[in-house]
Amino acid sequence: MEARIDSGTAGLQAGRFTCFQGFRSILSTKIHSKAGFVFLAPALIVMALCGVVPMAFVGFYSLHDTFAGNSFLWVGLDWYQKVLTSPEFFGALGRSLGFSLLVLLIEVPLGIYIALRMPPTGLLSSLYIVLMAIPLLMPTIVVGYLWKVLTLSHAGLLYEAAAWLGLSYNMNNPAMVWFTLALMDTWHWTSLVVLLCFAGLRAIPDDYYRAARIDGASPWAIFRYIQLPKLRLVLLVAILLRFMDSFMIYTETYVITRGGPGVSTTFLSHELVQTATIQFDLGEGGAMSVIYFLIILCVSWAFFTLIVPREREASA
């Protein structure tokens, strides 16, 4: 009888200890989660000050007409109507989308090819990664002036190389200007696609390659049925990042072409700066900024809806 009482007391004490440990674990989790929010708070405050507050002012400007910079008159959606019926806006939007499509068609296949040709391990692999990272570290204004120097008439290396081949490198030709901008963007940003694809390739388990070698699969079959499916998530992220960067490009193209010749390289970012800061049409510029933001937001949301299900499938 005493043994039963002792065993029951021991079980009760063990139950109490287990409950205490569980409560302590829950309390510790809550404390850690609150501590995480505390550490995250400065970043959220900075994001709010740098992003949300300016965007709120832009939205305010887009709904008002301003006089002398300090008098505002409510006009509702009039500025949006003006922007959405402006041929200049749609022309600049078409050029921006065309440029983004052009560089994506060049950089994504080229980035995949270079990543496949890079050695997977060793000192040479580290050297290639460092070399690939150099263009990414350059500020955009430095990239713009670097390529402007390369295209100078009778002085730039690209001009002299074209002359040596018997070609005319005329920056007054819209086709040549677009070629230069695409070449510049490819040099600057293909490394991002390469590094993302290289990391994705390194994450593929070796068992897939062993099974493919046992089955006698060709390199093309390995790429099509093993590497490319495993790179889909990485490629979606790379395409999203490159679309956003190329669609919002401003500094490099402004330094090289100033939007010319004519309006052939006047992208949506140039049209926005021209409207808001040079013409000082704050209402129209605000409406254009909101539409610009919504376009990028919609494209990002579309990519997000593609990325999240694939990520869940990969983790399942």
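Modeller: Ser-153 sits in the loop that runs between helix 5 (140-150) and helix 6 (157-164). The model is a predicted one. Ser-153 has a relative accessibility of 48% and therefore counts as partly exposed, since exposed residues are those over 50%. Along the sequence, Ser-153 and Tyr-169 are 16 residues apart, while in space their C-alpha atoms are 8.0 Å apart.

The charged pairs come next. Across the whole structure, a search finds five salt bridges. One of the salt bridges is formed by Glu-107 and Arg-242, whose closest N and O atoms are 2.7 Å apart. This pair links distant parts of the chain, as Glu-107 belongs to helix 3 (residues 87-117) and Arg-242 to helix 10 (residues 232-247), 135 residues apart. Glu-107 and Arg-242 are both buried.

Arg-242 also meets the side chain of Asp-185 in a salt bridge, with an N to O distance of 2.5 Å. Asp-185 lies in helix 7 (residues 174-202) and Arg-242 in helix 10, so this pair ties together parts of the chain that are 57 residues apart in sequence. Asp-185 is buried, as is Arg-242.

The side chains of Arg-210 and Asp-207 meet at 2.5 Å, N to O. Both residues lie in helix 8 (residues 206-215), where they are three residues apart, about one turn of the helix. Arg-210 has a relative accessible area of 43% and is therefore partly exposed. Asp-207, with a relative accessible area of 53%, is exposed. Elsewhere, salt bridges that share partners join Glu-107, Asp-185, Arg-242 and Asp-245 into one network.

It remains to describe the helix contacts. Two packed helices are described by the angle between their axes and by the distance between those axes. The axes of helix 7 and helix 10 come within 9 Å of each other and cross at roughly 160 degrees. Helix 7 is therefore roughly antiparallel to helix 10, because angles over 145 degrees count as such. The crossing of these two helices is right-handed. On the side of helix 7, the contact is made by Asp-185, Trp-189, Leu-192, Val-193, Leu-196, Cys-197 and Gly-200. On the side of helix 10, Val-234, Leu-235, Ala-238, Leu-241, Arg-242 and Asp-245 make the contact. The contact residues of helix 7 and helix 10 divide into nine nonpolar, one polar and three charged. Asp-185 and Arg-242, which meet in a salt bridge, are among the residues of this contact.

Helix 7 also meets helix 4 (residues 123-137), and the axes of these helices come within 7 Å and cross at roughly 140 degrees. Helix 4 is therefore oblique to helix 7. Helix 4 passes helix 7 in a left-handed crossing. Helix 4 contributes Ser-125, Ile-129, Met-132, Pro-135 and Leu-136 to the contact. Helix 7 contributes Trp-187, His-188, Trp-189, Ser-191, Leu-192, Val-194, Leu-195 and Phe-198. The residues of the contact of helix 4 with helix 7 divide into ten nonpolar, three polar and no charged.

Key:
Residues numbered from 1 in each chain as written. Predicted model: local features only at pLDDT ≥ 70, side-chain atom pairs only at ≥ 80, totals over all residues. Heavy atoms only, no water. Helix = DSSP H or I, 4+ residues; strand = E, 2+ residues; numbered from the N terminus. Buried < 20%, exposed > 50% of the residue type's maximum accessible area, 1.4 Å probe, protein only. Salt bridge = Lys/Arg side-chain N within 4 Å of Asp/Glu carboxyl O. Axes fitted to C-alpha atoms, helices over the stretch in contact; angles between N-to-C directions. Parallel < 35°, antiparallel > 145°, perpendicular 65-115°, else oblique. Left-handed = near helix turned anticlockwise from the far one by under 90°. Contact = heavy atoms within 4.5 Å. Nonpolar A, V, L, I, M, F, W, Y, C, P; charged D, E, K, R; others polar.
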